[in-house]
Amino acid sequence: MTRLAMPKADEGVLARRGEIAEALRAIVGTEWVVDHPDGLRPFESDGLTAYRQTPLVVALPENTAEVQAILRYCSGSGIRVVPRGSGTSLSGGSLPLADAVLLVMSRFNRILEIDFENRAVTVQPGVTNLNITNAVADRGFYYAPDPSSQIACSIGGNVAENSGGVHCLKYGITTNNILGLEMVLVDGEVIRLGGKHLDAEGYDLLALMTGSEGLLGVVTEVTVRILQAPETARAVLLGFPSSEDGGQCVAEIIAAGIIPGGMEMMDRPAIHAAEDYVRAGYPRDVEALLIVELDGPKGEVDFLLDRVEQIGRANRASYVRVSQSETERQLFWAGRKAAFPAVGRISPDYYCMDGTIPRKALPAVLHRMRELSGQYGLLVANVFHAGDGNLHPLICYDANKPGELEAAEAFGADILRLCVEVGGVLTGEHGVGVEKRDLMPAMFSETDLMQQQRVKCAFDPDQLLNPGKVFPVLHRCAELGRMHVHRGQMPFPDLPRF
Amino acid sequence: MANQGATFRPDTTEGVRELVAWAAAEATPLEILGHGTKRSVGRAVQAAYTLDLAALSGITLYEPEELVLSAKAGTPVAEIEALLSEHGQELPFEPMDHGPIGGGAAGRGTIGGIVAGNVSGPRRIKAGAARDHVLGVTAVSGRGEVFKAGGRVVKNVTGYDLARGLAGSWGTLAVMTEITVKVLPRPEATATLVIRGLADGEAVRTLCAAMGSPYEVSGAAHLPSAAAEAAGLPGRRAATCLRLEGFAPSVAYRLERLAALLSGLGGAERLEGAPSAALWRAIRDAAPFAGSDAPLWRASVAPMAGPALVSALEGHALSHFYDWSGGLVWIEAGSGIGDGGAAPVRAAVAATGGGHATLVRGDAAVRAAIEPFQTQPAALAALSRRLKAQFDPAGILNPGRMPAAN
Ligand SMILES: Cc1cc2nc3c(=O)[nH]c(=O)nc-3n(C[C@H](O)[C@H](O)[C@H](O)COP(=O)(O)OP(=O)(O)OC[C@H]3O[C@@H](n4cnc5c(N)ncnc54)[C@H](O)[C@@H]3O)c2cc1C
């Protein structure tokens, strides 16, 4: 395991562990507090398994009042708190701290209201992403953002990570699909943002909360917008002799005014791994494979599919296959959806990256990635949300070989710096967490980061919620609040002074 | 206006920074202005000096194939729309032009003002608001520091979403100096179905049913007869309007199906081309209320609650219409009402399930006497004030305009 500097554990809190567990039991009931080492083990890591830490104690509240009581108690006693949904974060967002209560939201699993007329569903944050769709599917509705982890990840976690999915190109990411939240601030205050209406009154705190990685408040209720499912969906597979051709095809589809429901690309290593695993019928002799899915009214889908096929051919597609049935469409996706486990079969371990780049930089970035792959001696397979430039390079390594995890991490960091260099960003949907925390200065200046941390200060002045995540250097709020004014250095000497 | 002092027109981010840093050191308030088309929204700012951003103008990046555009904050929206239009693209959130309802000219307004006010139009219900299209900003905080947030790509969760967070802050947190937005291809075809003569309740039920259909409705408005007449639909009958946009074969296909779905309501008229565009421009700009100075409210509620909101205002509202499937209600109050209608409007919003109402036009006395923006519960208001203090500790940016900046 690599070393990661986390905030120094508070010895005083560690010493009070038993007393803290007792206090939590008084709030949520004996069976909903875990402090036995065996019971704590399943909570040691999230989806980023390279990092592990046993939490101080785990508490599983059931309702807002219990969350309030826990946060009041913790903030009153200076105890840190790490919120956790389903623990599928790929950036270590819900990695425990030795001296923090792990606040597990999985008992918040009720759907509170389904309002078809206003197309709004209100749920508790522990409800899984897929269960929202399941709850409204009988009337033909669905919740659009669809992370691949949707059977497991919680909507509270989706809000905290601002998660995306294959369909986000057309339907937006979490932040575009959330109408309202109830949350508890670290001091126990309950706040409601939004509702079933559109747009915030006052500051857009919904925007700040979505993607805040558990650092600003604990989400206790979420209202999402639902959509009527499209009448139909069809997909086309396009294989290209080079990634440049594939990239150009993506650009031309978008330039033609077509926003597909999904547009995913895989490179040769990913295609082979997927094909070996699920036999989706992918061509093996291409450098890049595009899956373009058109969804919407039947009259539109057939028409656009034709156009996409033409654009593909004009861009030297050497392989074109249009889905002729729902089964075939599902098969096209089966390969892409299994790409991660497929890579898992050909390599003992893999490390999933998540940078975003401007689409036009794709060929250059892939080229550089191949060079880096040679330098580090590690294979990299690429799957990406091509429509929005969100890359998921999968770096293959073997954790049992000394130094390989470190090499994989260094390779990953190089890829993310490269993303920033070409005008992109460190993370498109998985979050900063602990994983990309120390890379933040590659994208933001010290001033940028300090202004972000000041937002934290407005919500959580003592920095008790999920500290050690997102920001490489923790400044105290008092220090951040200081204004460095230079009186006398007046740029406008003609102005009257007050 | 309230401020009598000098006006500064910096043309660079650095110029803005210098001025704001100076103002912060002197604790001297500034009114932040683009073209001033939305000056009637919120309280009149009490400031010694004006920071006019009109000279900070120009499109700095436009890559049509990447669907991205960056512009300095003072760039006229009209200039941006013209360039996009040359490439068959547009601002998907269809920003409203506040000029006409504010008694000014049409066609003015800056991109900074649009984002600062989170200004959207009818397509908000399908495409999202201005804030949904903001990808990145460069801004000067009230501390006189330049910071950037976000980036130029759509998929980005790196750090807090400050770029989106500045949308709707009306210049009270930071002065945005450059903004990057996501743009989209302009639809090839547009068609509108207009059903005449429905009462509000049935009309909004119809709009909501259409929004719940798979036909991708991109505009859903109901204009009672007076508003319909003013929006250019003669006949003295209410008009329930549904817009479809996209590729021509798709629009034709969906139009048939949507018409079939609504066939129980009697025949629908169909509008295409210029008449359809003119109708939606009128709806976007609240044109039925232009040319008057009566207090004008803009309320956002759950779509189905729109008609109940209006009923609760019986006797206070002179006229009204609905956009956003019923959820956006424009209400013109009688000018004789002392508080501009604040008390009844706010009570009606609360009684119909919550949301918010903003006075977007009213004389200075009314705007000073009431709170033009929705007031918030104590805990939320306190949080907003703490946020304001983190960006602008000296309180120099647009003081008074929003509740958190009082
Ligand atoms: C196989 C696999 C595939 C994935 N595919 C995708 C994908 O396609 N797209 C994508 O975007 N992500 C993907 N992810 C990442 C992950 O599933 C998402 O980030 C998800 O939203 C996390 O949800 P969770 O409930 O597991 O949250 P957790 O991992 O438990 O927590 C994530 C963060 O949210 C905070 N948090 C959780 N609940 C709350 C709450 N109620 N209030 C406040 N903060 C809270 C935590 O503190 C933490 O910072 C994938 C993960 C895996 C393992």
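Two strands are taken to pair if DSSP finds at least two bridges between them, and helices (H or I, at least four residues) and strands (E, at least two) are DSSP runs, numbered from the N terminus. On that basis, strand β6 (residues 120-123) of chain A and strand β10 (residues 218-225) of chain A run antiparallel and are joined by four bridges, with Thr223(A) in β10(A) as the bridge partner of Thr122(A).

The model is predicted, with local features requiring pLDDT of at least 70 and side-chain atom pairs counted only at pLDDT 80 or more, whereas totals for chains, interfaces and linings use all residues. Residues are numbered from 1 along each chain as its sequence is written, chains are lettered from A and ligands numbered from 1 in the order in which they are written, and side-chain values use heavy atoms, with hydrogens and water left out.

**Sheets of chain A**

The β6(A) and β10(A) strands belong to an open sheet of five strands, ordered β5-β6-β10-β8-β9 (chain A), in which the pairing is antiparallel. Its edges are β5 and β9 of chain A, each with a single partner strand, so one side of each is left without a neighbour in the sheet.

Another open sheet has four strands in the order β1-β2-β4-β3 (chain A), and its pairing is mixed. Here β1 (33-34) and β3 (80-84) of chain A are the edge strands, and because each has a single partner strand, one side of each lacks a neighbour in the sheet. Strand β2 (residues 57-59) of chain A runs antiparallel to β1(A) and is joined to β1(A) by two bridges, Val58(A) in β2(A) being the bridge partner of Val34(A). Helix α4 (residues 64-76) of chain A lies across β2, β3 and β4 (100-104) of chain A, at about 170° to β4(A).

**Salt bridges and the interface**

A salt bridge is a side-chain nitrogen of Lys or Arg within 4 Å of a carboxyl oxygen of Asp or Glu; over all chains the structure holds 53 of them, and ten are counted between chain A and chain B. Two examples are tabulated.

| Salt bridge | N to O distance |
|---|---|
| Glu62(A) and Arg107(A) | 3.7 Å |
| Glu188(B) and Arg307(A) | 3.8 Å |

Contact (heavy atoms within 4.5 Å) involves 102 residues of chain A and 87 residues of chain B. The two chains bury about 8,000 Å² between them, 59% of it on carbon and sulfur atoms, where buried area is the accessible area (1.4 Å probe) that two parts lose on being put together, summed over both.

Methods
Axes fitted to C-alpha atoms, helices over the stretch in contact; angles between N-to-C directions.
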